[in-house]
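User: Hey, I've got a structure to look at and I'm new to this. Can you walk me through it?
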Protein chains: 4
Amino acid sequence: MYSDEKVFNKMVERRRDFHRYPETGWTEFRTTSKIAESMTDVGMDIRFAGDFVQIEHVLGRNADIEAQVTRAVIQGASPEMIEKMKGLTGLTAEIDTGRPGPVTAIRFDIDCVDTTETGGSSHLPRQLGFNSVNPNCMHACAHDGHTAIGMTLAEELFSEKSSLKGKVRFIFQPAEEGARGGFAFVKSGAVDDADYFLTFHLGLGNPTGTVFGGTDGFLYSTKIDADYRGVGAHAGAEPQKGKNALLAAASAALSIHGIAPSPDGLTRTNVGVLNAGDGRNVVPPKAHMKIETRGATEDAAIYIYRAVMRILHGAAEMYDVKLTTQKCGEAISATSDRELAKIVMEAASSVCGVDRTDLIQPMAGSDDACWMMKKVQDNGGKATYIGIGADTKAGHHNDHFDFDEKAMLIAFEVLYKTVFMLNGK
Amino acid sequence: MYSDEKVFNKMVERRRDFHRYPETGWTEFRTTSKIAESMTDVGMDIRFAGDFVQIEHVLGRNADIEAQVTRAVIQGASPEMIEKMKGLTGLTAEIDTGRPGPVTAIRFDIDCVDTTETGGSSHLPRQLGFNSVNPNCMHACAHDGHTAIGMTLAEELFSEKSSLKGKVRFIFQPAEEGARGGFAFVKSGAVDDADYFLTFHLGLGNPTGTVFGGTDGFLYSTKIDADYRGVGAHAGAEPQKGKNALLAAASAALSIHGIAPSPDGLTRTNVGVLNAGDGRNVVPPKAHMKIETRGATEDAAIYIYRAVMRILHGAAEMYDVKLTTQKCGEAISATSDRELAKIVMEAASSVCGVDRTDLIQPMAGSDDACWMMKKVQDNGGKATYIGIGADTKAGHHNDHFDFDEKAMLIAFEVLYKTVFMLNGK
Amino acid sequence: MYSDEKVFNKMVERRRDFHRYPETGWTEFRTTSKIAESMTDVGMDIRFAGDFVQIEHVLGRNADIEAQVTRAVIQGASPEMIEKMKGLTGLTAEIDTGRPGPVTAIRFDIDCVDTTETGGSSHLPRQLGFNSVNPNCMHACAHDGHTAIGMTLAEELFSEKSSLKGKVRFIFQPAEEGARGGFAFVKSGAVDDADYFLTFHLGLGNPTGTVFGGTDGFLYSTKIDADYRGVGAHAGAEPQKGKNALLAAASAALSIHGIAPSPDGLTRTNVGVLNAGDGRNVVPPKAHMKIETRGATEDAAIYIYRAVMRILHGAAEMYDVKLTTQKCGEAISATSDRELAKIVMEAASSVCGVDRTDLIQPMAGSDDACWMMKKVQDNGGKATYIGIGADTKAGHHNDHFDFDEKAMLIAFEVLYKTVFMLNGK
Amino acid sequence: MYSDEKVFNKMVERRRDFHRYPETGWTEFRTTSKIAESMTDVGMDIRFAGDFVQIEHVLGRNADIEAQVTRAVIQGASPEMIEKMKGLTGLTAEIDTGRPGPVTAIRFDIDCVDTTETGGSSHLPRQLGFNSVNPNCMHACAHDGHTAIGMTLAEELFSEKSSLKGKVRFIFQPAEEGARGGFAFVKSGAVDDADYFLTFHLGLGNPTGTVFGGTDGFLYSTKIDADYRGVGAHAGAEPQKGKNALLAAASAALSIHGIAPSPDGLTRTNVGVLNAGDGRNVVPPKAHMKIETRGATEDAAIYIYRAVMRILHGAAEMYDVKLTTQKCGEAISATSDRELAKIVMEAASSVCGVDRTDLIQPMAGSDDACWMMKKVQDNGGKATYIGIGADTKAGHHNDHFDFDEKAMLIAFEVLYKTVFMLNGK
């Protein structure tokens, strides 16, 4: 049996290491390398995404891969591991007991959020010196914790392999933010044979000690990159010769945020990034926007997506600029199986520090784990998205985000016990 | 006497070299180094801006100086020269004849425009391989030509020192774009003793062969950096907790471009750059805008500046975000002295290739040389801003801009002859 | 006992008469006159709003009352009745049995929507010749039906007075649209002594034959009139002298519709009307907006109201115009009592044509009947808002709206039977 | 010879009468009637517009003509005169001397501005009780003065008929505001035979005592009515079913005011009126805008017109609403003939109260008299647009506008003397 203290200390150490070196989706080379090294060290079989993911299913992988690899190596990634990755991040590790039994897949997301961490003196990561060193990269959604839990859980369960049956697969998925990685992993067959699928999230507005067996209310989502291309001109001498891409984007952004809500099913949209213009005295010839849409139902999702696209085109006409768009991420909705959620609740009930358990938490966000949940369910399996409460210092994605590390031990134990309930010999 | 062909070839070579390595205002370390080396080679006295400019007069110097110095050295700047610069770019070189006579100061601007040069195959700099290697930096306003002319003119006049009287000072000014460098140079006393002040611009919509003795109609101008600071939040789960800096900036940009024109004196404003947001699914917590205002009269300048500031503040209130602004550039208006302009016209009339001369060209742009013109005039001297026509491939600041290099020889000869008319023994 | 056919025909006739002469809130002089005449004819006691409503509780009464009175008389209102109204519309009529028993108050809203009825040939009111003759006035929310039902119900119940106990009060409330009338009626004490409070709505997306005992999910709401006052100027010759109220309003409208939704409780806002400017070639010196806000909870209501007010002020600053605002309507939320809703369900179950009954319908609109519901509940009474399904040709407030008149008979019978269950001897 | 005092008093009386009853373009029934009665009284031949203007050349005549005729009669128009008008306002009156000589046409514009006159106590028209009684109608551009001058000049010159030769035609043109009437009058042949064409304007920023022989710099102009048609819906319950015409118009208005200025020739545009929406709680199904464009050159005029149309279409796409547009006014540019302007200057030089005369005043507005000027010039005649300075209390079109009535006598005398110089026997 594992030692609580040892497990907890290992997770804290790992989480802080990942927190210091956050990597945005499809660039998690250092993170993948660290996971791969640990899994290999204990003797587990691993498969890199580069070995099973087909490139045509990869969404939103726009980073300068070469530069990112260089950075990752400088920051401690193993060059040999990186070579094996073939440019794609993420991996799976598996415990194959050799005994008949169910296949249980557990997914951990490993990427960071594109935001710059606060340098404020009251921010714990800064006080303790593990704040992000990568600009515009921050673990502001607890995936550093998820990854640390996943690695540690894999090691501890692997050491109990003789008490288990069937298979337990650990999926370390890249690029959850932007809903870019889940689709490719599902298409690669990573959960095709799974009887049970588990994933989880820390925080989500619930305090440390709360555990939900499942989660409902995931939103359909698309991620759109939009580019306006106009014509630059001297803004003082001949502004009339320019075609202003910045104003097209500004006008589109205001209108997109003004799309009427749909009561048929909650809708959300966000223009998260707008970068436009070259220089102060040049009519801005180009603008780039990162947009997302969300809808609680397929109809609502289509409604909001179409409205956004129509606005983007209309603004292009208004300002006589050219529009190109790219769908670079997509998530669907899925429902947690009640039976499986009940098993998780039961597992959670005996975990130290858990003072409230409930079947289902409502949600109004997106997670591309839904692709996996739906795939498993379509194949006749059961899937659930566990909610592990964790006190937080600020909302998810906020630059002051930080979570109560004690929740990691709760997550570890809930998952550990659930796996034993599903795959115990 | 100089050889036309040799002078022309030297200017072309230098201009193309500068074109390949454009440097934005206050980072012209390589350019300053190259000028300094040439001036020193022929034996002229030079003074670096670092030796006479006071830092409190420097506007809009926000670049990462250390990184720029590193880049400049990699691109061929002399480390010794750079050390002498003490972090500030630009320099003056002087011919002191030792004989009584007027002091004539000639100003050349050396910085580039913040835009990315086209990669189009019909673009001559690309065809001939001297297109910019520095991202978002391009000599799209002919300052590469100005610099090449200035260096060559200084050399040739220096070799005729014995035929001259008084002093001829060559001012290589950094950071003309954004009206950031002129003010500091004037405050340093660079033109305090000048009896005559000359500067010029290639192009400005006039064909090769046209020369104007002076220019009128310069616009007052301010350069404003505006930053909105809001609050990030998960755009799907709790958008109401965010304060959206991107929308504040978008709203301000639309309103700024809608400020009513003032017939009391032409007004212009431009939001040239807008960068907002961190990530696609985060309510954008910050936005940065680069804005400029222009006015033909002091009243018009004040009108448009106040309107912009009012809009910036109003949009902050609308979106409940914090605003900080910084004035990082400023230019005034000035008038060319007719007497001096007539001398230039006379000089131009005998220059080969000049087929049209005129006294004054009208203008609707800004140039911080006006600070120098006004200073010289206030001290009782004469100043003019010469217009040297040059065919261009696209408007100034456009990414397809390129000018007819033959105009450089015309500029050289007009200035050479003018100096002889003013300072000839 | 009443005759279904006679009752139905009377309601149809009355509804179509009201439909032809729709009157916006606080101008229902003809409607009030018709109700008063009918109630008086059968011998009921009536009290005009002018006799009990205090003017300081009246919200959003901006119409030209004199002109409206003139119009009403031309359209058939009784001059004597109008004189008794003292300028305020609405009335109550009461059956006082003289026997001990509960006081039951039933509320009927009588005003129209501010929209112009379609002239389309497929529109039944037009085909049958009872379409609106009053511009920008249309019974597009079924209050014509409500009024007809109320009058007929009062008459029929009055004729059964001997079988009843306690009191039954019929409240014909003006100005429900815009949430302007309910508050004043409550403040006047109209429901202070009520043991039971009933009101209802036809349609609301449910088909004919459906009856809900109660309704939940009413939204808090405020109605805001905002006026910008700028300065006019000749738009061609001296636009810079103007202060543009139209652009301030346009900018505010776009931003108001972009307020982030609050998941803590649904929020809604609408700029329903924007009228700005005087003439084509004048910088628009004034703008008027009619805005509403809604929130599912008090917190959500405060959030959205404050955001709107902040935007209105910010836009005033942006465009240097003056802002005045007036809160001219307000509604709160209320919950239907389950016990009373069950009684209604029971009554409905035996009504011919009812094929589905349910306890509570969810709602996402506002109704100022909630002031009355809350008052009765605060006094220890029971209140419910009954849902009477009715097929409609288009959404509520749409200019093609029309409802299935058969639903009026269902409403009549449900209410009739419910009253007998509450006040039957 | 005329008596200054009598003439002045008559003009003041007439001007104040017209000021009290201002009439917008194509509804000047009372004004036309008053002019017709006076002209007839002295025995002049008159022709009503209804007798020579073809309806297909009439632009922007959207008023409810029947209602306006009723109003005009109530306000003192002669029913017989109105019958002769056949629905069209404006007229010409002619002095035909029967002697050979030039044909001189003088044009007076008679319509008001669409704005509501201030009720402020410092406003002279209010103090003296001749402020406008017609809502949204105000003589805020001195056409009341123009009309009074024209009538009085016609009478006085007619009384000197025996001293004149050729013909003098007085054109009282409707609908100058919005550039709606001039085109129709030219098309009707009203100036086809004119050798000289004179018109004038009071004020225009010049003080009383200043006279300009001519005016240059008139702007091309178009007047566009734009209508968006969307879909109404209940703003709280089903906003997603609406198509928001108000936001389309708001977005278009902001973008139209942000069209980049053209230095090739001054451009102007104005969204002078925006009326949108039906009711507060209805998604606004319709919006109406009154827009104008102006350009100093034909190219500039085309540039700005096309930009406006593109924006209108783009905003329609953004908000999924239907757009219809109508060009309801158009003016061109024209240049004053120097020879004729000199004659006017000479005439002015001997007028009492004139203390400054100049040849040409620059202009940045539009006047559809340019259609007449151009027609006369194309036929070989001479035309000029005289500037008569007048002190004003506020800018033209401002609701506080009022002008120094003494300028009317100057205008009268300048025109009187000019006519004698052209048509004196």
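User: How many residues of domain 1 of chain A are in contact with domain 2 of chain A?
Analyst: Ten residues of domain 1 of chain A touch nine residues of domain 2 of chain A. Contact here means that the C-beta atoms, placed from the backbone, lie within 7 Å. Keep in mind that this is a predicted model: local features need pLDDT of at least 70, side-chain atom pairs count only at pLDDT 80 or more, and totals for chains, interfaces and linings use all residues. Residues are numbered from 1 along each chain as its sequence is written, while chains are lettered from A and ligands numbered from 1 in the order in which they are written.
User: Ok, and where are those two domains in chain A?
Analyst: Domain 1 covers 4-217 + 333-423, and domain 2 covers 220-330. These bounds come from an automatic or database domain assignment. The C-alpha centres of the two domains of chain A lie 33 Å apart.
User: Switching topic: how many residues do chains A and B put into their contact?
Analyst: Chain B gives 54 residues and chain A gives 53. On the chain B side, helix H9 (245-256), strand E8 (267-276) and strand E9 (286-295) each supply at least two residues. Helices (H or I, at least four residues) and strands (E, at least two) are DSSP runs, numbered from the N terminus.
User: Which of them gives the most?
Analyst: That's E8(B), with eight residues.
User: What does E8(B) pair with in chain A?
Analyst: With strand E8 (residues 267-276) of chain A, in the antiparallel sense over three bridges. Strands pair if DSSP finds at least two bridges between them. Asn275(A), for one, has Asn275(B) as its bridge partner.
User: Last one: at what angle do helices H2 and H7 of chain C cross?
Analyst: Roughly 10°, and the axes of H2 (residues 29-42) and H7 (residues 143-158) come within 10 Å. Axes are lines fitted to C-alpha atoms, for helices over the stretch in contact, and angles run from 0 to 180 degrees between N-to-C directions.

Notes
Two residues are in contact if their C-beta atoms, placed from the backbone, lie within 7 Å.
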